Amino acid sequence: MASMAAGSCISFKPYNPCLPFHPPKRTVSNFTIRSIASPIRPSPPVVVPLPDIDTSIPPTHVAWTSIRQDRWEGQLSVQGQLPRWLNGTYLRNGPGVWNIGNYNFRHLFDGYATIVKLHFEDGRLIAGHRQIESNAYKAAMKNQKVCYREFSEVPKTDNFLAYVGELANLFSGVSLTDNANTGVVKLGDSRVVCLTETQKGSIIINPSTLETIGKFEYSDSLGGLIHSAHPIVTDSEFLTLLPDLLNPGYLVVRMEPGSNERKVIGRVNCKGGPAPGWVHSFPVTENYVVVPEMPLRYCAQNLLRAEPTPLYKFEWRPESKAFMHVMCKASGSIVASVEVPLFITFHFINAYEERDEKGRITAVIADCCEHNANPLILDRLRLHNLRRFSLKHALPDARVGRFRIPLDGSGHGKLEAALDPDEHGRGMDMCSFNPAYLGKKYRYAYACGAKRPCNFPNTLTKIDLVKKKAKNWYESGAIPSEPFFVARPGATEEDDGVVISMVSGKNGEGYALLLDGSTFEEIARAKFPYGLPYGLHGCWIPKN
């Protein structure tokens, strides 16, 4: 990197992004105080009376219904025109089975993993799905009961001694689930891995047949039981966070393509609370890893309970405050640890570095789907609530939360809405963007928004972070899953590509939907011969 002036007209030092930049001190007369941690204001009250239920959605929506068969594959008839350049496979992972016999699971995140594929080639579309054959799924099918600890489900024990034995298995990790129902990634060496929050729930699949190949076994000795469900994966590296529940903090680790060994970049110690905050996801920039510390923290007491609390394995600790930490990728040094307003997010969108006129990094900007610091969102995802449709269980408000983390040694950062949340119906989750802009300044994001009244995100939205506007797709009664952006090969515009979503329809059908990444208009859809349950996250595997 070229040498740059470090604030002096006679002394020049090489610019190092892993050292904090301290701007020159100004006189008191030039000093301006700005609000850096304004409290979150509640949404204005609803004035127009609303019906008690969302009448556009039937009482037993296919989105929350277990898939009827464990596998299927076939060619789909396409309405519209598939782009000829779209050649490859889109995979979507997520819970697809929420019952064992007559026993129904409690929570959306409990369901056994179902991997769905859309294979595009020369204008044709081959689709299919298959259950991921985790030990948890196979044991449940064999014994017709829950045998591992899922998100809210725990194995039922017959007596106190059996319960004590089950607790021992929890501490050793034996009873934790390997139900890899959250995400799917293609590693730099082309292995395809399905993931969840337990480290043992890392399972390799064949992206063509969807067959379960086996466990992804980490070869290092870092230990631990959990990790972020959303690692940062590129062709050159795999980055993730390992929460430390005993000595509250996070290890930031890297894994090279072709390797199963994670190597430590550095460690972040928590600044608040008796346990680390939940880290379902995290963002990176070109030079830094951003480590969030939410006040929604892991809770050992809740982990030990036989019946779940409203916050499951977490507890809401607002008194412990919220923080954002920034670590240099190259050195592992911490360049910023700032307090920020309270927040709750499942999913970070992207992050980038803010520079001054001399090219020095002065701050990190990190965007996320932020739920207005309302932990109620977790309990709203109980299947019982999702299937009821009462506005007493309406979808809590959410926004695109934008953090500004200064690198000048300040102790506080900002969190504000990146645009008016009404642009996307005050619903915001399940996001994607053009992966060529990972860690870089970007303009567009794609996510699930809301057309209210609703109790779950029911639109697809394209966010323009420059114009602060949104374009929205909506179909009455439909529940779309994550909109996934695939760039056109050779594209020079950020939004030149298609957006893929799998939709659970009002009348029990399921279909693949393709929207133009620029206009956000529908260009094609293809109906499955059966209903699709709601799914979570996907990845794109281009044709070789």
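Which side chains does a polar contact of 3.0 Å join? The side chains are those of His 537 and His 347; a polar contact is a pair of N or O atoms within 3.5 Å, where within protein one must be able to donate a hydrogen and the other to accept it, and residues adjacent in sequence count only if both atoms are side-chain atoms.

The model is predicted, with local features needing pLDDT of at least 70 and side-chain atom pairs counting only at pLDDT 80 or more, while totals for chains, interfaces and linings use all residues. Residues are numbered from 1 along each chain as its sequence is written, and side-chain values use heavy atoms, leaving out hydrogens and water. The average pLDDT (the predictor's confidence in each residue, from 0 to 100) is 88 for the protein, and 85% of the residues score at least 70.

The unreviewed UniProt entry annotates His 230, His 280, His 347 and His 537 as "binding site"; such annotations may be inferred rather than shown by experiment. These residues spread over 308 residues of sequence but cluster in space, the largest C-alpha distance being 12.6 Å.

Two of them are set out below; buried means under 20% relative accessible area, with a 1.4 Å probe and protein chains only.

| Residue | Relative accessible area | Polar contact with His 347 side chain |
|---|---|---|
| His 230 | 15%, buried | 3.5 Å |
| His 537 | 6%, buried | 3.0 Å |

Beyond neighbours within four places in sequence, His 230 is in contact (heavy atoms within 4.5 Å) with residues including Thr 182, His 280 and His 537. For His 537, the contacts include Thr 182, His 280, Met 430 and Glu 482.

Terms used: Buried < 20%, exposed > 50% of the residue type's maximum accessible area, 1.4 Å probe, protein only.
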